[in-house]
Amino acid sequence: MSVAVAERPGTAATAARFSPQWIAGRIQGAVLHIAVISLTVAWIVPTAGLLITSFRPFDKITSSGWWTALAPSYQFTLDNYSKVLSTSNLGQGFFNSFMISIPATIIPIAIAAFAAYAFAWMKFPLRDWIFLGIVGVLAIPLQLSFVPVLSFFVAHGITVGNLEPYGMQFLPVWLAHTGYGLPFSIYLLANFFRALPSELFESAEIDGASTLTVFFRIVLPLSVPALASLVIFQFLWIWNDLLVALIYVGGAREVAPLTVSLANLTNSLGQGYHLLTAAAFFSMIVPLVVFLSLQRYFVRGILAGSVKG
Amino acid sequence: MDWGTFVTHQLPIMLVVIVGVPAVLVGYIVGTELLVRRLPDALRPRVRPWIWVGPALLFVFGFLVLPAFGTFKASLENNSGQFVGLHNYQVQLSDFPSGGSWIAIRNNAYWLVLYTLFVLAFGLLLAVLFDRVKYETIVKSLIFMPMAISSVALGVIWKFMYWYQPPGVTQTGTLNAFLGLFHQDPRIWIQDPSIDNFAIIGAAVWGITGFAMVILSAALKGIPGELLEAARVDGAGEITIFRRVIFPLMMPTVVVVGTTLVIFALKAFDVVYVMTGGNFETDVLANRMYKLLFFSGNNGAAAAVAMILLAAVVPVLIFNLRQFRAVEARR
């Protein structure tokens, strides 16, 4: 059989130059590259169109398509950006987005790390059933919690208006994001913690290390890759979130995050597309920087969250 | 924004929050652990786990589990809290096919089928094609990039793609200009009920395909090279290899990605909210619930819509739990 295999016409690499097989291989290769590149280009066109438009003068935007700007004479301007930043509250929104995202990233991940440690390395009654419950909750739509949680907040005076004088206006949304982010964070971290070698814990125990020492000195440092992915994931999810912010923060100028401000602009500007493109791109800066610089961790987080087991 | 008040007022708050929040969290775990140490030896291992898992359970219970029951109760009541039985559901499910929530339910069904299938198909296609070129990393990041931006920005990007000018006027929207190349009349993509749902789903597919591609691509790389080599040696064509070897081996991953996408499709909100606000027959359950809650102030109806959404999710939820238990059993 091996003889027959050796005599079978080989792949493009082994075929003689300019033989029919070689040509067929070349054509196949060219088709592949054309397919890959054209699909990729098609995928970038929407974003590129927005980016280019945001730098074009108003009269050009309304009279010709963005692709005409790719040919000379080049006419680009920063007017759209300076105008939208001075007339809208995107600057405030930028600050608010940070004020919402940073605590709403730290709180759930810290609490999830505590819980994941217990799920992975402590024994307590019903542990596996509770964990199963967490996995089930992962699929529950957030919509199911809005009416009761909101009425609870209002009934107990935990509202943006009441908390603003103390600088705590974002407390409701932090708490909400903590609740909503926990199931995924616990699931991801518990899986990661469980995979740590048990000898580590045994020898630490023999050395008389306390639970705190094991957690802060062994578990957390070893879990930096998982924690980094989770931080990026949670941060981007909150930065980009619209629904939870609409429900618990609302659209008032002083508190609205970038996504809400941008969505409001979409409704109010209507035909003012030159400003909207600049605003949209402004809102994309932070996620794009995070994504481009930390893509490796982001991808790792996605993989850990979905193909585990 | 006023920079003066920013520096004097908001920046200090931000710093306090950035330092204070972690301090509270570390303080909690260190403080309670010190208390646990003072307990009698026998009691300690029984108390400690609850200290560590307690805050998480409190949050998950308080923000997800308990409210789910609260929503069920609210769905059986009118706005003044009186029990009205299934009245809210009756209203939401009346006048098939255009009354109540039916348009939203129909659209969620479109989302469920089209969004899931197209994302899986594109994700698989891109993963397989990109696997064969040397510049894989670059093209993958470009496809993946829309994952990083918000659905609001995505909505703006695609509103611009679908921009419409009446026939005869220069088309500045990319897609209508493209149609013009073939002497087709421009279409009102996102306001014409015969195509607008597909236009919106298309925009959402564009955004999420990178997610499916990355996971499927990782699964593809997990297939042993010898297996593909053996198939090639036996004379199988590339398409046969994909159908008979690659696809069956990737099936478990396709299922995992598929269930995640089904949940995304059922929860669809942002893109619809930004692009049409649910008008022109593009409403989905999540947006309908939001409108009922905030614009109509009708908690009972909103709760009923949320329960309909839950009913759609339950099969996926059960499937997930079974998958999870199967994986645990293999451990």
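Trainee: Where is the place of Glu281(B) in chain B?

Mentor: Glu281(B) sits in the loop between α11 (270–275) and α12 (285–294) of chain B. Helices here are DSSP runs of H or I, at least four residues, numbered from the N terminus. A word on the model: it is predicted, local features need pLDDT of at least 70, side-chain atom pairs count only at pLDDT 80 or more, and totals for chains, interfaces and linings use all residues. Residues are numbered from 1 along each chain as its sequence is written, and chains are lettered from A and ligands numbered from 1 in the order in which they are written.

Trainee: What is the phi of Glu281(B)?

Mentor: Start with the general idea. Most residues other than glycine have a negative phi, and most peptide bonds are trans. Glu281(B) is not a glycine, yet its phi is positive, about 60°. Asp95(B) also has a positive phi, near 50°. Asp95(B) lies in the loop between α3 and α4 of chain B.

Trainee: Is Asp95(B) buried or exposed?

Mentor: Count other C-beta atoms, placed from the backbone, within 10 Å of the residue's own: 20 or more is buried, 12 or fewer is exposed, and in between is partly exposed. Asp95(B) has 9, so it is exposed. Glu281(B) has 17, so it is partly exposed.

Trainee: Which residues does a cis peptide bond join?

Mentor: Phe96(B) and Pro97(B), with omega about 5°. Pro97(B) is in the loop between α3 (87–92) and α4 (102–130) of chain B.

Trainee: What does α10 of chain B span between its end C-alpha atoms?

Mentor: Take the expected span as 1.5 Å times one less than the number of residues. For the 30 residues of α10(B) (238–267), a straight helix would give 44 Å, but α10(B) spans only 37 Å. Now look at the bend, the angle between axes fitted to the seven residues ending at a residue and the seven starting there. α10(B) bends by about 50° at Met251(B), and Pro252(B) follows within four residues. Its buried residues include Ile246(B), Met250(B) and Thr253(B).

Trainee: How many residues does each chain give to the contact?

Mentor: Residues are in contact if their C-beta atoms, placed from the backbone, lie within 7 Å. Chain A gives 89 residues and chain B gives 91. Helix α5 (90–121) gives the most on the chain A side, 16 residues.

Notes
Contact = placed C-beta atoms within 7 Å. Helix = DSSP H or I, 4+ residues; strand = E, 2+ residues; numbered from the N terminus.
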